[in-house]
Amino acid sequence: MTTFLVENKEYSISEIYHYLHDRPKLILSEEIQLQINTSRKVLDDAVLENKVIYGVNTGFGKLSQIKIPKDDISTLQQNLILSHAVGVGEPVSDDITILIILLKIISLSKGYSGIRLLVVQRFVDMLNKDCLPIIPCQGSVGASGDLAPLSHMTLPLLGVGEVKLKGKIVSAQMALHEIGWESIQLSYKEGLALINGTQFSTAFGVICMERIDNLLKVADISGALSVEGLMGTDIAFEKRVHKLKPHVGQLNSAENLYNLLQNSEIHTSHEDCDRVQDLYSLRCMPQVHGASRDVLSAARNMIQVEVNSVSDNPLVFINENDTVSAGHFHAEASGQAMDIAAIALAELGNICERRTYALVDGDFGLPHFLVENSGLNSGFMIMQVSAAALASENKTYAHPSTIDSIPTGAGQEDHVSMAPWAGRKLLKMVENLEKLFTIEILCACQAIDLRKGLSPAKHLIPILDEVRKEVLFLSNDRFMQSDQVYVMKLIKSGTIVTIVERNLNLK
């Protein structure tokens with residue numbers, strides 16, 4: 001991908017994520033430029049007719065009843081940005097910042113905001129020049145738009161604040177000088193259009209959903225490794241079983257697990273054993289992984305709709321030559337999507353930790369903590385403790401944000417979404433889940449190697465081989481942090497899934 005064209009289309013989360021990964025040149029299509037200019041003309045005409053329009057020639061929020069003189073309209077917009085840029089906390093990552101700006105460009109490109117083309121183009125140029133605003137992570141309640149963070153996003157247009165220019169933090173004034181840009185004096189409605197919106201909240205949804213997509217497959221791979229390590233069975237994953245409870249996610253997870261476990265010397269070795277049923281954490285993986293899959297699919301769809309939506313206020317309707325004040329800035333959809341995603345991730349972490357516990361418990365023919373001469377050696381004892389800590393953290397993070405609301409703006413904004421916190425904690429949960437699967441894979445590989453030289457299922461052998469390139473079988477205690485770092489990279493990079501999908505397509 002050498003260019004990314006902003007055009008009249010529905011963007012998938014994957015397309016947005018690929019832009020983030022590849023950073024191609026961003027271009028506004030001619031049709032989009034026309035839409036933006038036409039929308040601006042509708043607003044120009046309304047102002048010439050002296051119509052009273054919220055945020056154009058009135059104050060904001062509780063102050064919307066105050067009419068602003070024509071000569072002060074530009075000052076109104078600049079004051080709006082300066083007064084609202086009071087976010088706190090550490091800056092968000094560059095990836096989140098890039099997504100915020102791209103999502104804002106897509107929203108403004110729909111032609112319902114009445115903003116000038118030169119303002120939208122400046123954000124396009126900022127991404128193309130790798131000039132990123134410094135945006136604090138705290139300060140938005142996800143209601144009247146993500147006001148504080150989006151104000152920080154806008155500051156560089158005014159030559160205020162700091163930016164990261166090609167990786168180096170400099171003043172916005174210095175960046176403008178180095179690039180050869182003039183600061184922009186905002187006109188009516190423009191400050192409001194830039195900070196009204198859900199882009200800060202939704203950016204977290206985008207980055208989480210793509211990483212979650214990878215983790216859903218990792219969950220089945222990691223779980224299958226544990227089945228082999230614990231000498232479980234594949235019978236509970238047969239298609240005929242799951243046709244009787246045909247949730248889509250459950251069917252897909254069961255199919256993955258069954259296919260991953262075929263052609264296994266470990267399985268063949270215990271076909272006549274007296275174990276009637278496996279632990280729930282093995283046997284019920286399709287039901288738990290599948291329910292999470294279905295919830296996460298719904299969440300992903302909600303985020304994708306938000307990506308392609310207009311979240312401004314007031315809205316400028318070109319065909320009707322009209323403006324309407326409404327509430328599209330409210331981020332409830334993004335917030336609830338990320339809240340339900342959080343519940344699904346917590347359950348994936350819960351069942352993963354239970355499998356890890358079973359591996360180190362000293363049952364099923366395995367030594368305590370997966371190491372010979374335990375006592376002298378602690379083996380994987382504390383890895384399971386770490387897994388317990390991570391799973392517990394995620395349970396706390398799974399408490400929904402959107403059920404909370406604190407009125408703001410002197411009561412005008414009497415219900416808010418708290419979506420930004422939903423996004424920030426969901427990202428923490430994604431990172432924790434990656435660590436949980438790292439621990440399970442390390443433990444499962446150790447357990448498989450303890451099975452007297454029996455080979456695991458055909459499609460799992462390449463995973464074991466890949467892990468063993470850098471992670472040696474644990475005979476005696478050693479420092480294992482580098483082992484965790486290595487497997488974590490295999491997970492985060494998508495390598496674990498890629499290795500399996502060379503020979504087996506996962507659902």
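The notes below cover aromatic pairs, charges over rings, a helix contact, backbone geometry and one leucine.

The structure is a predicted model. A search of the whole structure finds 5 aromatic pairs, and two of them, Phe 4 with Tyr 11 and Tyr 397 with Trp 421, are described here. Helix 9 and helix 17 have axes that come within 9 Å, and a cis peptide bond joins Asn 313 and Pro 314.

**Aromatic pairs**

- Phe 4 and Tyr 11 form a stacked pair, with 5.4 Å from centre to centre and 20 degrees between the planes.
- Phe 4 counts as buried, because its relative accessibility of 5% falls under the 20% cut-off. Tyr 11 is likewise buried, with a relative accessible area of 2%.
- One aromatic cluster is formed by Phe 4, Tyr 11 and Tyr 19.
- The ring centres of Tyr 397 and Trp 421 are 6.4 Å apart and their planes stand at 75 degrees, so this pair is edge-to-face; the angle required for that class is over 60 degrees.
- Tyr 397 belongs to helix 16 (residues 381–397) and Trp 421 to helix 17 (residues 419–449), so the pair ties together parts that are 24 residues apart in sequence.
- Tyr 397 is buried, at 18% relative accessible area, whereas Trp 421 counts as partly exposed, at 36% relative accessibility.

**Charges over rings**

- Arg 40 places its charged end over the ring of Tyr 188, at 4.1 Å from the ring centre.
- For Arg 354, the charged end sits over the ring of Tyr 357, and the distance to the ring centre is 4.5 Å.

**Contact of helix 9 with helix 17**

- Two packed helices are described by the angle between their axes and the distance between the axes.
- The axes of helix 9 (residues 199–229) and helix 17 come within 9 Å and cross at roughly 20 degrees. This angle makes helix 9 roughly parallel to helix 17, because the class takes in angles under 35 degrees.
- The crossing of helix 9 and helix 17 is left-handed.
- Residues of the contact between helix 9 and helix 17 divide into 21 nonpolar, 6 polar and 6 charged.
- Helix 17 also holds Trp 421, the partner of Tyr 397 in the pair described above.

**Backbone geometry**

- Most residues other than glycine have a negative phi, and most peptide bonds are trans.
- The peptide bond between Asn 313 and Pro 314 is cis, with omega at about -10 degrees. Pro 314 is placed in the loop between helix 14 (285–307) and strand 8 (315–317).
- Asn 321 is not a glycine, yet has a positive phi of about 55 degrees. The loop that holds Asn 321 runs between strand 8 and strand 9 (322–324), and Asn 321 counts as partly exposed at 42% relative accessibility.
- Phe 364, also not a glycine, has a positive phi of about 60 degrees. Phe 364 is in the loop between helix 15 (332–360) and helix 16, and counts as partly exposed at 23% relative accessibility.

**Leu 176**

- Leu 176 is found in helix 7 (residues 172–179) and is buried, with a relative accessible area of 6%.
- Leu 176 and Leu 165 are 11 residues apart along the chain, and their C-alpha atoms are separated by 10.0 Å.

Definitions and conventions:
Residues numbered from 1 in each chain as written. Predicted model: local features only at pLDDT ≥ 70, side-chain atom pairs only at ≥ 80, totals over all residues. Heavy atoms only, no water. Phe/Tyr/Trp six-rings, centres within 6.5 Å; stacked < 30°, edge-to-face > 60°. Buried < 20%, exposed > 50% of the residue type's maximum accessible area, 1.4 Å probe, protein only. Helix = DSSP H or I, 4+ residues; strand = E, 2+ residues; numbered from the N terminus. Lys NZ or Arg CZ within 6 Å of the ring centre and 35° of its normal. Axes fitted to C-alpha atoms, helices over the stretch in contact; angles between N-to-C directions. Parallel < 35°, antiparallel > 145°, perpendicular 65-115°, else oblique. Left-handed = near helix turned anticlockwise from the far one by under 90°. Nonpolar A, V, L, I, M, F, W, Y, C, P; charged D, E, K, R; others polar.
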